[in-house]
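Take a look at the chain below. The text then walks through it, from the overall fold to single residues.

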Amino acid sequence: MKNMISQLAQECLLEFANPNGNSALRKPTASNPRNQPCQACGGENLLTPKDVDLGYCCDRCADMHEGISIPGVDFSIGDY
Ligand SMILES: [Zn+2]
């Protein structure tokens, strides 16, 4: 299960790679409330429906991607 989530996170984070960094998420509004779970980490109420449509993940996952530094693990390639 953990591996599956990790793969989802990697796919999500690939989509997330853009110059705007961690500010890519839509602003929550009355018609677009932040009530959706992150598809990568599973955290609740982290994304708006619009974010989900666009395939984004939450700020925490994005930050994790920005700051990844685990010895022996290269998240940019994928360990298959
Ligand atoms: Zn997340």
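What follows covers confidence, layout, core and a few loop residues.

This is a predicted model: local features need pLDDT of at least 70, side-chain atom pairs count only at pLDDT 80 or more, and totals for chains, interfaces and linings use all residues. Numbering starts from 1 along each chain as its sequence is written.

Start with confidence. pLDDT is the predictor's confidence in each residue, from 0 to 100. The chain averages 73, and 52% of the residues score at least 70. Where pLDDT is low, the predicted coordinates should not be read in detail.

Now the layout. The chain has three helices and zero strands. Along the sequence the pattern reads α-α-α. Helices (H or I, at least four residues) and strands (E, at least two) are DSSP runs, numbered from the N terminus. Helix α1 spans 2-16 and α2 spans 49-54, while α3 spans 59-66.

How much of the chain is buried? Buried residues make up 22% of the 80 residues. A residue is buried if 20 or more other C-beta atoms lie within 10 Å of its own, exposed if 12 or fewer, and partly exposed in between, with C-beta atoms placed from the backbone. Two residues are in contact if their C-beta atoms, placed from the backbone, lie within 7 Å. Of the contacts between residues at least 6 apart in sequence, 46% join residues at least 24 apart.

The largest nonpolar core has ten residues: Leu 25, Cys 38, Ala 40, Leu 46, Leu 47, Tyr 56, Cys 57, Cys 58, Cys 61 and Ala 62. Such a core is a set of buried Ala, Val, Leu, Ile, Met, Phe, Trp, Tyr and Cys residues joined through C-beta atoms within 7 Å. Take Cys 38. Beyond its neighbours within four places in sequence, Cys 38 contacts Gly 43, Leu 46, Leu 47, Cys 57, Cys 58 and Cys 61.

Tyr 56 is another core member. Tyr 56 sits in the loop between α2 and α3. It counts as buried because 24 C-beta neighbours lie inside 10 Å. Its C-alpha atom is 7.1 Å from that of Leu 25, 31 residues apart along the chain.

The loop between α1 and α2 holds Gln 36, Asn 35 and Asn 45. Gln 36 has 18 C-beta neighbours inside 10 Å, so it counts as partly exposed. The C-alpha atoms of Gln 36 and Leu 46, ten residues apart, are separated by 6.1 Å.

Is Asn 35 buried or exposed? Asn 35 counts as exposed, because it has 12 C-beta neighbours inside 10 Å. The C-alpha atoms of Asn 35 and Pro 49 are separated by 7.5 Å, at 14 residues apart along the chain.

Asn 45 is partly exposed, with 13 other C-beta atoms within 10 Å. Its phi is near 55°, a positive value in a residue other than glycine.
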